[in-house]
Amino acid sequence: MKIITIDKNNIDCEHICCAIGNDKKNKNRAQSKKEWMKTKFDEGLVFKRFDERGKVFIEYMPIEKVWKPIRGKNFMVINCLWVSGKFKGKGVAIELLNECIKTARTEKMDGITVVTSKKVKPYLTDKNFYLKHGFEVVDSAAPYFELLALKFDKKGENPVFSNSVKNNCYSDEKGFTYIYSNQCPFMEEYAGLLAEISGKNEIPFNIKKLKNCEEAQETGSAFGTLGIYYDGEFITHELMSEKKFEKFIEKWKS
């Protein structure tokens, strides 16, 4: 297998791993992600995948432009490192991580940072993978997020979570608030589904689509692409099936 770099010259003819089905839904999902990516390449976004039809890729970008509530200077942020199915256990995750390390060193950055969790959570790479490769915990945010960093310059200043995340609060709005961005191809559709279910259950809800990195760094969830809040407090970043979400909101029904 070889690694392919997706950029503005080939993005229209290459798949992006996250949504690779040929049906109309997945094509629309992939297109929303691609449109987001096209506006970010000039800001330093890098997307690399293996030349396989599967979820085996890494996406990263400079901390100054990242769509996550993280503060710092001259660090590369891993948005997503995903290796699934038959590709697991073959060392490809390390190869992808090394691509990010190589880019960061070439651009003379101070290191790499990534959001993980204290315990294994869906859609977040197990922090033990990063710890084995020289990362260390540099910050944390309620209820379960951790920020890890691989520092090339040990004297450099650590990246940190934004205060909004550390306070675990979005606003004083009542009911559910769903904050998302098109950085993930599934979020537009998913936020609409959550809103529909909330409406059916007569639970107040608000939807906030992040429009730029400044908004994401101030009001986004630590996960980046999705935050589910209730009465202003962060609850989860997890994408759930319709049935699971129905059960999830039972406790908030009046």
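This is a predicted model: local features need pLDDT of at least 70, side-chain atom pairs count only at pLDDT 80 or more; totals for chains, interfaces and linings use all residues.

Biologist: What span should helix α1 have, and how far apart are its end C-alpha atoms?

Modeller: At 1.5 Å a residue, the 15 residues of α1 (residues 24-38) should span 21 Å, and the end C-alpha atoms are 21 Å apart, which agrees.

Biologist: Which residues of α1 are buried?

Modeller: The general idea is that an α-helix has 3.6 residues a turn, so residues three or four places apart point the same way. In α1, the buried residues are Asn26, Arg29, Ala30, Lys33, Lys34, Trp36 and Met37. They cover an arc of only 160° around the axis, which puts them on the same side of α1. These buried residues pack against β1 (3-6), β2 (46-50), β3 (56-62) and α5 (187-200). On the face turned away from the buried side lie the exposed residues Lys24 and Lys27.

Biologist: Is Thr103 buried or exposed?

Modeller: Buried means under 20% relative accessible area; Thr103, with 14%, therefore counts as buried. Thr103 belongs to helix α2 (residues 92-106). A polar atom of the Thr103 side chain lies 3.0 Å from the backbone oxygen of Glu99. Leaving aside residues up to four places away in sequence, Thr103 touches Lys48, Tyr60 and Met76.

Biologist: How many disulfides does the structure hold?

Modeller: A disulfide needs two cysteine sulfur atoms within 2.5 Å. The structure holds 0 disulfides. For Cys100, the nearest cysteine sulfur, that of Cys80, is 12 Å away. The sulfur of Cys213 is 18 Å from the closest cysteine sulfur, in Cys100, too far for a bond. Cys100 counts as buried at 0% relative accessibility, and Cys213 counts as buried at 6%.

Terms used:
Residues are numbered from 1 along each chain as its sequence is written. Side-chain values use heavy atoms; hydrogens and water are left out. Helices (H or I, at least four residues) and strands (E, at least two) are DSSP runs, numbered from the N terminus. The expected span of a helix is 1.5 Å times one less than its number of residues. Buried means under 20% relative accessible area, exposed over 50%, partly exposed in between (1.4 Å probe, protein chains only). The arc is that of the directions from the helix axis to the C-beta atoms. Contact means heavy atoms within 4.5 Å. A polar contact is a pair of N or O atoms within 3.5 Å; within protein, one must be able to donate a hydrogen and the other to accept it, and residues adjacent in sequence count only if both atoms are side-chain atoms.
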